[in-house]
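Please keep the sequence and the coordinates at hand while reading.

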Amino acid sequence: MLITAGPTQEPLDSVRYLANRSSGRLGIELADSAARRGYATTLLLGPTSLAPADGRVMLRRFRTTSDLDELLRSEFPACDVLVMAAAVADYRPAVSPGMAGEKLRRTESGMTLELVATPDLLAGCAARRRPGQRIVGFALEPRSALLESARRKLARKRVDAIVANPLETMDSATVEAWLVTGDGPPMGTPGCIAKSAFADWLLDAIEGLGGAS
């Protein structure tokens with residue numbers, strides 16, 4: 001089982017970056033739970049102070065979306081199940097080559113920041129997967145558009161399931177979520193539960209999809 005977790009950091013200059021509030025806690029709980037169940041588990045973890053507790057988890061670190069892309073290209077072919085819980089940046093600063101190793105200086109006139117799209121890592125994995133591999137993605141959205149957005153993402157990314165969770169899940173110790181698949185209605189957690197309990201709930205659901213053993 002291959003799991004991604006945590007934020008990405010997209011450098012603006014040598015000291016600043018664009019990031020998000022993801023703690024990586026949910027993906028780490030998933031990795032620990034998977035290892036306890038006997039899965040050979042690899043966790044690709046972004047810049048966070050947290051780490052898996054189970055020593056059987058193989059841990060590899062990334063910082064940027066590009067770093068994670070390289071790790072996925074290396075690790076994804078051998079896995080049976082990919083759970084993409086990482087909060088991957090949709091954009092990165094369009095930093096010129098001459099800015100490498102420099103610090104942008106404050107000016108009274110301000111600054112305009114140009115952003116460019118990052119690669120769609122989830123769709124990329126789905127496009128090159130082999131028969132039998134299962135892929136589970138995540139959708140972090142406002143509650144008002146949560147399930148509708150997850151269904152669109154499921155079809156667009158061509159994955160097996162999407163975990164739909166509201167914005168307040170980020171950097172929280174608890175989660176309330178729904179698993180959206182192509183078959184049947186969404187399956188929800190029993191209310192708001194600890195992320196450790198959610199890890200077991202989700203792994204039970206993934207095992208029900210098949211492709212995990």
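The side chain of Asp160 reaches the backbone nitrogen of Ile135 at 2.8 Å, and it also makes a polar contact with the side chain of Arg134, where a polar contact is a pair of N or O atoms within 3.5 Å, one able to donate a hydrogen and the other to accept it, and residues adjacent in sequence count only if both atoms are side-chain atoms. The model is predicted, with local features needing pLDDT of at least 70 and side-chain atom pairs pLDDT 80 or more, while totals for chains, interfaces and linings use all residues. Residues are numbered from 1 along each chain as its sequence is written, and side-chain values use heavy atoms, without hydrogens and water.

| Partner of the Asp160 side chain | Distance |
|---|---|
| Arg134, side chain | 3.3 Å |

Asp160 lies in the loop between α4 (146-157) and β10 (161-166), and it counts as buried because its relative accessibility is 17% (buried means under 20%, exposed over 50%, partly exposed in between, with a 1.4 Å probe and protein chains only).

Helix α1 (residues 25-36) is mostly covered, with nine of its twelve residues buried, including Leu26, Ile28 and Leu30. The elements that cover these buried residues include β1 (2-5), β4 (42-45) and α5 (195-209). After α1 comes Gly38, whose phi is positive, near 100°.

Leu115, in strand β8 (residues 115-117), counts as partly exposed because its relative accessibility is 40%.

Conventions:
Helix = DSSP H or I, 4+ residues; strand = E, 2+ residues; numbered from the N terminus. Contact = heavy atoms within 4.5 Å.
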